[in-house]
Amino acid sequence: MAESGKYAAVESVRIAAYSIPTDAPESDGTLVWNATTLLVARIRAAGIDGLGYGYADTATARLIADKLGPLLIGMDAFDIPACWIAMQRAIRNLGRQGIAAMAISVLDIALWDLKARCLDASLVTLLGRVRDCIPAYGSGGFTSYDDVHLRAQLSGWAEVGLHAVKMKVGRDSARDHARVIFAREAVGSGVELFVDANGAYTRKQALMLAEQFAVQGVRWFEEPVSSDDLEGLRLLRDRAPVGMDIAAGEYGYESNYFSRMLSAGAVDVLQADATRCGGITGFLQADALCISHCTPLSSHCAPALHVALCCAAQSVMHLEYFHDHVRIENMLFDGVPQLVDGSLAPQTARPGLGLDFKEQDATCFQVM
């Protein structure tokens with residue numbers, strides 16, 4: 001133990017932002033984009049760097065650089081709950097959701113990675129493992145894709161062993177049923193088909209389309225209405241065809257959000273994203289809430305980050321293998337887990353997350 005009484009006092013916090021263009025125009029039911037911003041944080045203590053990352057905006061990076069990073073200097077990196085609470089208190093007057101929550105998430109992830117590296121242990125070993133690997137489902141099928149691109153992506157996931165694939169709907173409700181029929185033909189009958197409307201439908205539209213999608217064996221209907229409409233989600237959950245799960249939660253920035261959604265009986269499956277909900281600390285809180293409500297949990301995006309968490313969290317059922325993030329993580333990180341029989345397993349031979357950022361390769365994308 002150091003003379004200060006701290007096991008590993010934080011020496012420095014660095015943050016950088018990178019904008020990576022998509023490989024094709026992308027859109028869902030409510031948003032259009034052509035690039036993804038990756039934030040990468042490094043927290044140094046005891047001569048070791050911890051790595052944290054997330055998908056946010058440069059404003060999130062600025063908050064880390066100006067406020068939250070300096071706050072952590074001198075704090076004990078091993079006391080992650082104390083660091084987490086200190087950051088929560090520091091953004092009280094800024095609002096806990098959105099940018100502030102994502103900033104805390106990136107730093108919390110870096111602290112957990114740092115602690116594991118200091119102990120020369122993998123993150124999943126530090127957290128405690130409940131399973132060796134986690135099933136993944138392919139995610140993309142953007143509304144901007146033409147039929148050729150949609151078929152290639154969805155059938156490609158089926159060919160590499162993924163047992164479920166998810167496509168975006170909601171951009172044009174009049175075409176969505178036909179697109180789902182096409183997607184079913186592309187993947188065949190042996191692959192589960194999920195749809196994600198990103199809150200684009202009205203309640204009545206969603207009810208009608210749920211019946212149509214069920215004919216094609218759709219087993220998962222994500223955000224059929226806005227995730228803020230808990231009554232609407234509950235309506236869809238109560239009236240959806242048997243065998244179709246209603247899912248939401250990706251926009252949860254704090255445990256109270258998840259608690260309200262679960263207490264309302266609004267979802268069959270809760271989603272949580274460690275890059276938004278307070279990092280690894282917040283994701284584990286979501287797991288505890290799901291356990292208490294007997295509701296399964298599914299991770300949202302950032303698969304290389306979530307694989308260890310999904311193997312440590314009791315309530316998790318599967319992981320989202322999101323096209324944009326799979327592409328970025330394989331491009332800019334070493335140590336990214338690869339699919340085996342449709343599942344991902346965390347790194348155990350490498351400390352922490354098991355990831356190393358390829359800074360030189362990312363330089364051309366750096367915006368901050």
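Biologist: How are H1 and H3 oriented to each other?
Modeller: The axes of helix H1 (residues 58-72) and helix H3 (residues 99-118) come within 9 Å and cross at roughly 60°. Axes are lines fitted to C-alpha atoms, for helices over the stretch in contact, and angles run from 0 to 180 degrees between N-to-C directions. Angles under 35 degrees count as roughly parallel, over 145 as roughly antiparallel, 65 to 115 as roughly perpendicular and the rest as oblique. H1 and H3 are therefore oblique.

Biologist: On what kind of model does this rest?
Modeller: Residues are numbered from 1 along each chain as its sequence is written, and side-chain values use heavy atoms, with hydrogens and water left out. Local features need pLDDT of at least 70 and side-chain atom pairs count only at pLDDT 80 or more, whereas totals for chains, interfaces and linings use all residues, these being the rules for a predicted model.

Biologist: What is the handedness of the crossing of H1 and H3?
Modeller: A crossing is left-handed if the near helix is turned anticlockwise from the far one by less than a right angle, and right-handed if clockwise. For H1 passing H3, the crossing is right-handed.

Biologist: How many nonpolar residues does the contact of H1 with H3 have?
Modeller: H1 contributes Ala 59, Thr 60, Leu 63, Ile 64, Leu 68, Gly 69 and Leu 72, and H3 contributes residues including Ile 99, Met 102 and Leu 107, where contact means heavy atoms within 4.5 Å. Ala, Val, Leu, Ile, Met, Phe, Trp, Tyr, Cys and Pro count as nonpolar, Asp, Glu, Lys and Arg as charged, and the others, Gly among them, as polar. The contact has no charged residues and two polar ones, and its nonpolar residues number twelve.

Biologist: At what angle do H7 and H8 pack?
Modeller: These helices comprise residues 203-215 and residues 230-239, with axes 10 Å apart. H7 is roughly parallel to H8, the packing angle being about 25°.

Biologist: How many charged residues does the contact of H7 with H8 have?
Modeller: Arg 203, Ala 206, Leu 207 and Glu 211 in H7 meet Glu 231, Gly 232, Leu 235, Leu 236 and Arg 239 in H8. By class, this contact has four nonpolar residues and one polar residue, and its charged residues number four.

Biologist: Is Asn 198 buried or exposed?
Modeller: Asn 198 lies in the loop between strand E6 (192-196) and H7, and its phi is positive, near 50°. Most residues other than glycine have a negative phi. Buried means under 20% relative accessible area, exposed over 50%, and partly exposed in between (1.4 Å probe, protein chains only). At 6% relative accessibility, Asn 198 is therefore buried.

Biologist: What is the relative accessible area of Cys 301?
Modeller: Cys 301 has a positive phi near 60° and lies in the loop between strand E10 (297-299) and helix H11 (303-312). Helices (H or I, at least four residues) and strands (E, at least two) are DSSP runs, numbered from the N terminus. Cys 301 is buried, its relative accessible area being 5%.

Biologist: What separates the C-alpha atoms of Arg 44 and Val 13?
Modeller: Arg 44, in strand E2 (residues 32-45), is partly exposed at 31% relative accessibility. Beyond four places in sequence, Arg 44 touches Ala 9, Val 10, Glu 11, Ser 12 and Asp 49. Val 13 is 31 residues away along the chain, yet the C-alpha separation is 6.5 Å.
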